[in-house]
Amino acid sequence: MPSLLDLTSQGDVATISDESRLSSVQLMDPQQLYELWERQNWASHMISFERDIEDWGKMTGEERGHLAWLLSSFFIGEERVTTQFTGLVAAYESQGEEAFLATQQVDEARHAQHFNRFYEQVVGYDGTFEDRLQRARGDLNDAFLVLFDGHLVDACRRLLADPADVGAKVDFITAYHMIIEGTLALTGQEFITRYMERNDLLPGFTEGFRNIARDEHRHVAYGTWYLQQKAAGDPELARRMQDKLAELLPIAASVLVPPGLKLGDSYELLGYSSDEVNQFAFTALSRRLKVIGVGLPALAA
């Protein structure tokens, strides 16, 4: 079964005609996505956690431990992106893009607020917002820190240094919209939400999490649009996207591995196997790359 480490050129089974058709798909542009944001806006502080507090108290220690580990990566990830998104906002190329990118930074701050409220009111982490972030950081593995504190921070700094650097912008969007949001976040959201809905757990958290996923589908739509535009006009930028994917996919695959296991081990969390998770991530990324018009990268064995 394919995994994130199986993203090689052999894995791309679409025909040339299929790829041509997919890469010519008309995507929503930034202005349209901004207007969609206005229609889909929501307030994190209006969500009640009353039932969630009861549900959390009834869970076993093992269940709480699994969820705390899974959700810590989202909590820290939302904070990291909120602070590191400024570089991409500064790199806008049209007024519509400027407006949309500003909404995404607001979205990321709102997502972090949702997780902060959940960790304070339900999980029971005392102290300040910063205290809760620091405590949640203890659940993260080294690969997460490399991706978010290394690659993402570096990508932001490069854009702040030169907002007109299109190559740096392609790197940022490939890393964030394709890998972090489009592969890791949306995959995790899919399986965690399924688990919550199947077991009728944490309805307040799940309401916010569904809203977050809707926001992130909108963000990924922007990233897909931007990369499609650049790949169609410049083969070197298309190659750059593949090179960045090849660099980051092994790191992303390691982010998904639970504590005590290593990359390649089989595992199960919340009733879902590592094969199911990897297949979902593989399929989602493959489809987006076909729409963009670039092949899957070949990774070194």
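Student: Where is L202 found?

Tutor: L202 is found in the loop between α9 and α10. Please keep in mind throughout that this is a predicted model.

Student: What makes L202 count as buried or exposed?

Tutor: The relative accessibility of L202 is 0%. Buried means under 20%, so L202 counts as buried.

Student: What is phi of L202, and what kind of residue has it?

Tutor: Phi of L202 is near 45°, which is a positive value in a residue other than glycine. D200 also has a positive phi, near 50°, and is again a residue other than glycine.

Student: Where does D200 lie, and what makes it count as buried or exposed?

Tutor: D200 lies in the loop between α9 and α10. Its relative accessibility is 52%, and exposed means over 50%, so D200 counts as exposed.

Student: Why is the pair R51 and D200 called a salt bridge?

Tutor: The term requires a side-chain nitrogen of Lys or Arg within 4 Å of a carboxyl oxygen of Asp or Glu. As for R51, a relative accessibility of 32% makes it partly exposed.

Student: How many salt bridges does the structure hold?

Tutor: The structure holds 19 salt bridges. Another of them joins the side chains of E120 and R132, at 3.9 Å from N to O. E120 belongs to helix α6 (residues 95–123) and R132 to helix α7 (residues 129–137), so the pair ties together parts 12 residues apart in sequence.

Student: What makes E120 partly exposed, and what makes R132 buried?

Tutor: E120 has a relative accessible area of 39%, which falls between the limits of 20% and 50%, so E120 is partly exposed. R132 has a relative accessible area of 4%, under the limit of 20%, so R132 is buried.

Student: How do you know that K244 and E247 are separated by about one helical turn?

Tutor: K244 and E247 are 3 residues apart in helix α11 (residues 235–255), and that spacing is about one helical turn. They form a salt bridge, with the closest N and O atoms 3.0 Å apart. K244 counts as buried at 14% relative accessibility, whereas E247 is partly exposed at 37%. Elsewhere, salt bridges that share partners join E79, R80, R137 and D149 into one network.

Student: What describes the packing of α4 and α6?

Tutor: The axes of helix α4 (residues 61–84) and α6 come within 8 Å and cross at roughly 145°. The crossing in which α4 passes α6 is left-handed. Among the residues that make the contact are A68, F74 and E79 of α4, together with H111, F115 and Y119 of α6. The residues of this contact divide into 10 nonpolar, 5 polar and 3 charged.

Student: Which residues touch the most other members of the largest nonpolar core?

Tutor: They are F115, F118, L147, F172, I192, F205 and Y222, in a core of 86 residues. Helix α9 gives the most to this core, with 16 residues. Leaving aside neighbours within four places in sequence, L147 is in contact with L152, I179, I180, L184, L248, I251 and V255.

Student: What makes T224 count as buried?

Tutor: T224 has a relative accessibility of 6%, under the limit of 20%, so T224 counts as buried. T224 lies in helix α10 (residues 203–233). Beyond its neighbours within four places in sequence, T224 is in contact with L27, M178, R288, V291 and I292.

Student: Where is G124 placed, and how is it classed by accessibility?

Tutor: G124 is in the loop between α6 and α7. A relative accessibility of 35% makes G124 partly exposed. The C-alpha atoms of G124 and D142 are separated by 25 Å, the two residues being 18 residues apart along the chain.

How values were computed:
Residues numbered from 1 in each chain as written. Predicted model: local features only at pLDDT ≥ 70, side-chain atom pairs only at ≥ 80, totals over all residues. Heavy atoms only, no water. Helix = DSSP H or I, 4+ residues; strand = E, 2+ residues; numbered from the N terminus. Buried < 20%, exposed > 50% of the residue type's maximum accessible area, 1.4 Å probe, protein only. Contact = heavy atoms within 4.5 Å. Axes fitted to C-alpha atoms, helices over the stretch in contact; angles between N-to-C directions. Left-handed = near helix turned anticlockwise from the far one by under 90°. Nonpolar A, V, L, I, M, F, W, Y, C, P; charged D, E, K, R; others polar. Core = buried A, V, L, I, M, F, W, Y, C linked by side-chain atoms within 4.5 Å.
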